[in-house]
Structure formats: C-alpha cells, structure tokens
Amino acid sequence: LVDGIATAVQRGCNVSVDVLGTLGAGRTGLLRWLEFERALDEARLRQRFRLHGALPPRERQRIKDRAHMALWVANPAHGGSVPFVVRQAMAAGRPVIATAAAELRWSASIATHVELVPPNDAAALGDALVGFAADPEPLLRRAEAGRQVMLARCRDEMGLDLATILQRADG
C-alpha cells in the first residue's frame with residue numbers, strides 16, 4: 001500500500017488515504033501498526049494518510065461516504081471470502097481498486113466491476129491510482145454497473161433492498 005501510494009505520488013497523483021480498522025489484535029496488531037507507521041515515515045507519506053484505527057460503525061460509514069473510491073489491499077490473514085468493504089463500495093457505486101486476491105478473482109461480478117491489480121505490485125497499484133485520477137470515467141462506469149449487480153443480487157437472493165442490508169450491517 002505504502003509503495004503503491006508513493007508510486008502514484010511520484011507520478012504526480014494528489015492522493016490521500018483513510019485507513020480504517022486495525023492490523024490485527026493484541027501485540028501482533030500493535031507491532032504491525034508500528035511497522036506501518038515506520039514505513040509511512042520512511043516514504044515521507046505520513047501527511048497523506050489518516051490512520052483511524054477501530055471506529056464505531058456510524059463514524060466508519062461517515063468516512064466511507066465522503067470517499068471518492070475504495071482501495072482494498074489483501075491481508076493474508078483475511079478469511080478468503082469477498083471483503084465486506086468491497087461489496088459495500090460496489091453497492092454504493094464507488095469505484096474500487098483492489099489487490100487481485102483469489103477471493104476477488106473467482107467472482108465474475110467482482111472482477112468485471114472492480115479494478116484488480118496484482119498482489120505486491122506497487123507499480124500496478126500506482127498506475128491504477130494515476131489512471132483513475134487522470135480519467136475517472138471508465139472506473140466510474142464500472143462502479144455504477146457493479147452497483148446495479150449488487151442491487152439485483154440483494155433483491156433476488158435475499159428479498160431485501162440494499163439500503164436495508166447496509167443499514168443492518170452498519171447499525
């Protein structure tokens with residue numbers, strides 16, 4: 001993530017990132033968080049990142065609502081299902097750039113509507129961010145199409161409208 005943002009900044013992209021959540025529990029999580037902060041300082045990117053940590057659902061949603069796009073980088077500790085943040089961003093019609101982790105590649109609807117970049121490829125992540133900043137329309141169109149897919153899935157599979165589902169998830 002840090003290297004990808006550094007690449008985008010070096011190529012003239014004015015980007016800032018809100019980091020929501022934690023990097024694990026207990027001592028391990030704290031050590032990962034300190035390592036992340038060290039990497040930000042070494043790359044001189046601290047001012048471009050807002051590190052929020054764990055937040056109440058409404059505050060987390062407020063930050064997501066003001067975001068121009070969602071960025072998801074795979075965590076090897078992640079359980080292997082499609083991350084809720086990716087589904088939520090798709091449902092809201094937000095453009096998504098994400099690591100091409102297996103759990104995202106297998107889903108045709110995700111792979112079609114999300115910009116997937118190879119894992120551990122800072123240049124590809126930087127290119128995707130610069131491309132979005134230079135010409136957001138292609139990814140915005142994919143995001144709107146993804147939103148329609150998510151709305152249909154919610155209606156067809158659960159018999160609920162999307163607003164109800166998102167409200168239950170965040171409240």
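The legends below describe close-up views of a predicted model.

View 1. The protein has 171 residues, and 37% of them are buried. Contacts between residues at least 6 apart in sequence were also counted: 64% of these join residues at least 24 apart.

**View 2. The largest nonpolar core, made of 23 residues.** Which residues have the most contacts inside this core? They are Ile5, Leu45, Phe49, Ile97 and Leu129. At least two residues of the core come from each of helix 1 (2-10), strand 1 (17-20), helix 2 (26-42) and helix 7 (122-134). Helix 7 gives the most, with 6 residues. Apart from this core lies another one, of 13 residues, which includes Met90, Val96, Ala98 and Leu104.

**View 3. Leu45 and the residues it touches.** Leu45 is among the residues with the most contacts inside the largest nonpolar core. When residues up to four places away in sequence are not counted, Leu45 touches Val2, Ile5, Ala6, Val9 and Leu40. One of these, Ile5, is also among the residues with the most contacts inside that core.

**View 4. Helix 1 and what covers it.** The buried residues in helix 1 include Val2, Gly4 and Ile5. Ala6, Thr7 and Ala8 of helix 1 are buried as well. What lies over the buried residues of this helix includes strand 1, helix 2, strand 2 (49-53), strand 3 (70-72) and helix 7. Just after helix 1 comes Gly12, with a positive phi of about 90°.

**View 5. Strand 1 beside strand 2.** The two strands pair in the parallel sense, over 4 bridges. Which residues of strand 1 are on its covered face, and which are on its uncovered face? Val17 and Val19 are on the covered face, while Asp18 and Leu20 are on the uncovered one.

**View 6. An aromatic cluster of Trp33, Phe36 and Phe49.** A pair of aromatic rings is described by the distance of the centres and the angle of the planes. In the whole structure, a search finds 2 aromatic pairs. Trp33 and Phe36 form a tilted pair, 6.3 Å centre to centre and with 50° between the planes. Trp33 and Phe36 are separated by about one helical turn because they are 3 residues apart in helix 2. Both Trp33 and Phe36 are buried. In the pair of Phe36 and Phe49, the ring centres are 5.8 Å apart and the planes are at 80°, so this pair is edge-to-face. This second pair links distant parts of the chain: Phe36 is in helix 2 and Phe49 is in strand 2, 13 residues apart. Phe49, like Phe36, is buried.

**View 7. Helix 7 from end to end.** How does the span of helix 7 follow from its 13 residues? At 1.5 Å a residue, the helix should span 18 Å, and its end C-alpha atoms are 18 Å apart, so the two values agree. The buried residues of helix 7 are Ala124, Leu125, Gly126, Ala128, Leu129, Val130 and Phe132. One of these, Leu129, is among the residues with the most contacts inside the largest nonpolar core. At the start of the helix, a side-chain oxygen of Asp121 comes to within 3.3 Å of the backbone nitrogen of Ala123.

**View 8. Arg46 in the loop between helix 2 and strand 2.** Is Arg46 buried or partly exposed? Its relative accessible area is 32%, so Arg46 is partly exposed. Without counting residues up to four places away in sequence, Arg46 touches Glu37, Leu40, Asp41 and Leu51. The C-alpha atoms of Arg46 and Val17 are separated by 9.9 Å, and the two residues are 29 residues apart along the chain.

**View 9. Gly24 in the loop between strand 1 and helix 2.** Gly24 has a relative accessibility of 34% and therefore counts as partly exposed. Leaving aside neighbours within four places in sequence, Gly24 is in contact with Gly29 and Arg32.

How values were computed: Residues numbered from 1 in each chain as written. Predicted model: local features only at pLDDT ≥ 70, side-chain atom pairs only at ≥ 80, totals over all residues. Heavy atoms only, no water. Core = buried A, V, L, I, M, F, W, Y, C linked by side-chain atoms within 4.5 Å. Buried < 20%, exposed > 50% of the residue type's maximum accessible area, 1.4 Å probe, protein only. Contact = heavy atoms within 4.5 Å. Phe/Tyr/Trp six-rings, centres within 6.5 Å; stacked < 30°, edge-to-face > 60°. Expected span 1.5 Å × (residues − 1). Polar contact = N/O pair within 3.5 Å; in protein donor to acceptor, adjacent residues only side chain to side chain. Pairing = 2+ DSSP bridges.
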